[in-house]
Each structure stands twice: as C-alpha cells, then as structure tokens.
Amino acid sequence: MAKFCTKCGAALTGVFCVNCGADMRQSATPAAQPVPQNAASIAPEAVPAAPPLAAVPPSPSTNKKMSPLAKLGIAAVIVVFAGGALAAGGIYYAVHRVSQKIHEETGEILGSSSDASSSSDSSSSTDNIIGNVCRFLSKEDVSRAIGVEIIRAQAHDNSCDYIAKGTQADMMAKHA
C-alpha cells in the first residue's frame, strides 16, 4: 500500500517527504489522507478507504473535579492560617503597647531624677524630689512588724531612722 504525505500529498518512499520534507513519524494515524494530485487517474475502488477513527477516551486527570469535602478542607486550612496570623499580630501589638507604656513610666521616673542631678545643690534637690522617706513606712507599721514600740522616725540622707522605746539592752534581749 502506498503512503502519501499529509502536507503536500506526494508519494512517500521513507519517513520524510521528498517533496516538502515533512516528518511522517509524528503522524502515526493521520486523520484523513488527502487525495494525491495525480489520483484522478486511479479508479475509485483502488483508493483505500480511510480507517475509522477510534474514540479516544479522555484522560482521567483532565475531567477530574475536586470534591466538596476537599474544597471544605482547603478553606478550613486557609481560615486557620489567617486566624493564626491575626492572633500573632494581636499578641505582637499588645506586647508592643505594654512595652511602650513601661518605657513611658520609667521615662517619667528617670526624667524627674535626671532633672535633680543637673542642679548644683544635689542634696537639697534630692530631698525635694524624694521628700520624706519615712512616709513610705509609718512608725506604726514598723512597730507591728518588729514587736517593739516605735516612738519616732527621723529622715536623713534618703533613709529613715526609727527610734524605739527602751534601752539597748532591752532591744538585744527582745531580738535574742
């Protein structure tokens, strides 16, 4: 059986067309072989009929649709990741705000003491800033804590001296 080129219709003697140079290995089953130009002189019964085309089933990967359960799973994963990102951003923001507030408060405390150190009379300015240090712990509180009656408190040099009632021997006996 003679083969003909699918592009130009010339007779084939090998794998390549001698007329146009087309490669005939690529077209293993041509859809329809064209009638050659000199085929008018051949009887119609001598021309072979084209073989019927077989129905090629579609490949399984091209028509496969995603199941609704898979779509739901993908949506759930996206929601979880988005929620996690928002939570991480919220935590970062909260930590940032707390840090900012701490820095503001320490800046106010340090700012007031740094103003005091710049003055020439540091002892009087320190007393003015801190004030009476005995106000932080009253003589009644100290009395209850140590079990001795405190009669007065004296503030000096950023400290407080609590004076107890009794002699030194009495104090030693109570502490022993």
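What is the relative accessibility of D141, and what class does D141 count as?

Modeller: D141 has 33% relative accessibility and counts as partly exposed. Buried means under 20% relative accessible area, exposed over 50%, and partly exposed in between (1.4 Å probe, protein chains only). The model is predicted: local features need pLDDT of at least 70, side-chain atom pairs count only at pLDDT 80 or more, and totals for chains, interfaces and linings use all residues. Numbering runs from 1 along each chain as its sequence is written, and side-chain values use heavy atoms, with hydrogens and water left out.

Now the partner. D141 forms a salt bridge with R144. Their closest N and O atoms are 2.8 Å apart. The criterion is a side-chain nitrogen of Lys or Arg within 4 Å of a carboxyl oxygen of Asp or Glu. Side chains of opposite charge can pair when their charged atoms come close. R144 is exposed, at 64% relative accessible area. A search of the whole structure finds one salt bridge.

Both residues sit in helix α3, which spans residues 139–146. They are three residues apart, about one turn of the helix. Helices (H or I, at least four residues) and strands (E, at least two) are DSSP runs, numbered from the N terminus. The chain has four helices and two strands. Along the sequence the pattern reads α-α-α-β-β-α.

The C-alpha atoms of K139 and A153 are separated by 6.4 Å. These two residues are 14 apart along the chain. A153 lies in strand β1, residues 150–156. A153 is partly exposed, at 34% relative accessibility. Leaving aside residues up to four places away in sequence, A153 touches C134, C160, D161 and Y162. Contact means heavy atoms within 4.5 Å.

Two of those neighbours, C134 and C160, form a disulfide. Their sulfur atoms are 1.8 Å apart. The cut-off for such a pair of cysteine sulfur atoms is within 2.5 Å. The pair links distant parts of the chain, 26 residues apart. C134 is in the loop between α2 (122–130) and α3, while C160 is in strand β2 (residues 159–164). The torsion about the S-S bond is about 110°, so the disulfide is right-handed. C134 is buried, with a relative accessible area of 9%. The structure holds one disulfide.

Other cysteines do not reach bonding distance. The sulfur of C8 has its closest cysteine sulfur in C17, 3.5 Å away, which is too far for a bond. C8 is partly exposed, with a relative accessible area of 24%. The sulfur of C20 is 3.6 Å from its closest cysteine sulfur, in C5, again too far for a bond. C20 counts as partly exposed at 40% relative accessibility.

G14 lies in the segment before α1. G14 is partly exposed, with a relative accessible area of 42%. From G14 to R25 the C-alpha distance is 9.9 Å, across 11 residues of sequence. M66 also lies in the segment before α1, which covers 68–117. M66 counts as partly exposed at 46% relative accessibility.

Back to strand β2. I163 is found there. I163 is partly exposed, with a relative accessible area of 25%. The C-alpha atoms of I163 and R152 are 5.3 Å apart in space, and the residues are 11 apart in sequence. Not counting residues up to four places away in sequence, I163 touches E149, I150, I151, R152 and Q154.

Now the chain as a whole. Buried residues make up 10% of its 176 residues. Take the contacts between residues at least 6 apart in sequence: 21% of them join residues at least 24 apart.

Last, confidence. The chain averages a pLDDT of 74, and 64% of the residues score at least 70. Residues 114–127 have pLDDT below 50, and this stretch has six contacts beyond near neighbours in sequence. pLDDT is the predictor's confidence in each residue, from 0 to 100. Where it is low, the predicted coordinates should not be read in detail.
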